[in-house]
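Student: I have a structure open and I'd like to learn how to read it. Can you walk me through some features, one at a time?

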Amino acid sequence: MKYRWLALLVFALVSLYAHAKVSVSVVTSYPSDREVYTLWGHTALLVESDSFSRVYNYGVFEFDEDFVYKFVSGQTDYLLDEESPRMMMGELKWKRSPAYAQILNLTDEEAAAVAEALKENLRPENAVYRYKFFSDNCATRPQRLVERCVKGIVYEDVKNRESYRDITHRLCASAPWLRVGIDVCLGSEADKVVPDSGVTFLPVNLMSLWDHAKIVSPDGTCRPLVKAKVCLFPPALTKDSSAVPSLWQTPLFASLVVLLLSSLALFLSVKGHVGFARGFGGLCFLVTGALGCLVFYLTFFSTHECTSPNFNLFWLNPLHWVTAVILFFGLRSDFSRVWLVVDIILCAMYLLVAAPFLQGSCAEFVLLSISLIINALAYICPDRCSFLDFFNKKRLSDKQQIK
């Protein structure tokens with residue numbers, strides 16, 4: 001009940017600030033840890049008049065049976081939908097994150113143009129659009145619509161120094177598994193510094209940019225883009241979602257465990273016990289081969305942004321499945337030896353070339369790459385033709401018969 005009264009109070013304040021026949025407000029919610037898609041925040045447009053009050057939301061998607069395939073392939077379609085302010089306040093309450101409403105300082109003609117454009121975009125033939133995480137989403141769509149209807153918007157310089165990867169790392173501080181998953185999928189393009197014109201893919205960045213933006217009229221007069229800013233949910237009353245999980249709950253801990261077990265496999269293999277090396281090593285190469293199929297598809301077939309080229313293919317590639325077969329079945333032939341050496345070289349190239357110079361990396365990828373090399377060596381060690389025997393040149397000669 002208190003949130004119903006809060007909603008009424010908020011929109012009463014909006015009405016006090018807005019004297020035009022139609023008022024347009026931008027509602028921005030901060031990142032929330034409720035779901036994966038709420039980690040980035042959200043932007044919506046609120047249009048009000050004496051007889052009309054609706055919220056327009058470009059972040060709606062339908063989760064059907066083909067959603068995962070469409071999302072991986074980059075064919076995810078989002079749509080524009082409308083809802084009541086009460087429904088929006090309920091969603092903000094559920095997210096438990098700070099939220100603000102910016103009342104735009106528009107003329108009657110500009111506000112009417114925005115409202116008309118939203119109605120036109122809401123038509124079934126116009127509502128659906130191809131979602132792009134970095135360039136076409138729930139924040140960039142409202143921005144472009146307002147810029148199309150309101151001429152002369154001028155922004156301050158942002159002077160951004162962060163890359164797309166830096167931004168995702170910062171926002172995923174409380175979700176390290178998601179951060180690693182995103183790093184698996186993103187290629188070297190994600191390491192480029194985001195231009196000032198591109199930072200508004202994040203709703204909070206768009207809100208900050210509009211706080212200081214101005215509208216310059218053809219006659220040279222200037223007015224602020226935002227007339228007033230109303231706090232819908234204060235930060236002090238919302239849940240802090242920035243808590244970092246314990247080490248043992250993170251992918252870093254899991255990577256350390258894999259490295260420890262790989263070292264154990266190598267130790268046992270040197271002692272002549274190759275069973276654990278075959279089983280655990282085969283499992284590691286099987287899993288990384290499966291992830292390699294995903295990386296390969298994203299790199300060469302998906303239409304997602306910033307997924308190609310992806311130098312994670314050096315250590316995450318479908319070729320690992322062949323290595324897994326060699327280990328599981330205990331194959332020892334010239335082909336299997338050469339194949340394992342090639343696999344070791346690819347992982348070493350990631351550690352020595354790709355991670356330091358070509359693409360952003362993380363500690364988890366380095367540890368897992370080393371683990372794959374160790375697992376391959378653990379299988380090679382007992383082989384009498386392995387390269388380790390090359391270093392064992394000083395052997396005791398057979399006793400010669402005394403003449």
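Student: Let's start with Cys284. Is Cys284 buried or exposed?

Tutor: Keep in mind that this is a predicted model. The general idea is to look at relative accessible area, where under 20% means buried. Cys284 has 12% relative accessibility, so this cysteine counts as buried. Cys347 is buried too, because its relative accessibility is 1%.

Student: And how many disulfides does the model have?

Tutor: For that you check whether two cysteine sulfur atoms lie within 2.5 Å of each other. Here the count comes to 0 disulfides.

Student: Okay, what about the inside? Which residues touch the most other members of the largest nonpolar core?

Tutor: Think of a core as buried nonpolar residues joined through their side chains. The largest one here has 30 residues, and Leu104 and Leu106 touch the most other members. Several elements give two or more residues to this core, including strand 1 (22–29), strand 2 (42–49), helix 6 (140–149) and helix 9 (203–211). The top contributor is helix 4, which gives 5 residues.

Student: What does Leu106 contact, if I skip its neighbours within four places in sequence?

Tutor: Leu106 is then in contact with Val24, Ala111, Val114, Val150, Ile215, Arg223 and Leu225. There is also another core lying apart from the largest one; it has 26 residues, among them Phe285, Trp315, Cys362 and Ala376.

Student: Now the outside. Which residues form the nonpolar patch on the surface?

Tutor: The patch is made of Leu283, Leu286, Val287, Leu291, Trp321, Val325, Phe328, Phe329 and Leu331, and together they have about 810 Å² of accessible area. Helix 11 (275–300) and helix 12 (320–329) each supply at least two of the patch residues.

Student: Let me pick Leu291 from that list. Where is Leu291, and how exposed is it?

Tutor: Leu291 sits in helix 11. Its relative accessibility is 38%, so Leu291 counts as partly exposed.

Student: One more: where is Phe201?

Tutor: Look in the loop between helix 8 (176–185) and helix 9.

Definitions and conventions. Residues are numbered from 1 along each chain as its sequence is written. This is a predicted model: local features need pLDDT of at least 70, side-chain atom pairs count only at pLDDT 80 or more; totals for chains, interfaces and linings use all residues. Side-chain values use heavy atoms; hydrogens and water are left out. A nonpolar core is a set of buried Ala, Val, Leu, Ile, Met, Phe, Trp, Tyr and Cys residues joined through side-chain atoms within 4.5 Å. Buried means under 20% relative accessible area, exposed over 50%, partly exposed in between (1.4 Å probe, protein chains only). Helices (H or I, at least four residues) and strands (E, at least two) are DSSP runs, numbered from the N terminus. Contact means heavy atoms within 4.5 Å. Patches are made of residues with over 30% relative accessible area and no salt bridge: like charges are joined within 9 Å, nonpolar side chains (Val, Leu, Ile, Met, Phe, Trp, Tyr) within 5 Å. Accessible areas come from the Shrake-Rupley method with a 1.4 Å probe; for residues, only the protein chains shown count as cover. A salt bridge is a side-chain nitrogen of Lys or Arg within 4 Å of a carboxyl oxygen of Asp or Glu.
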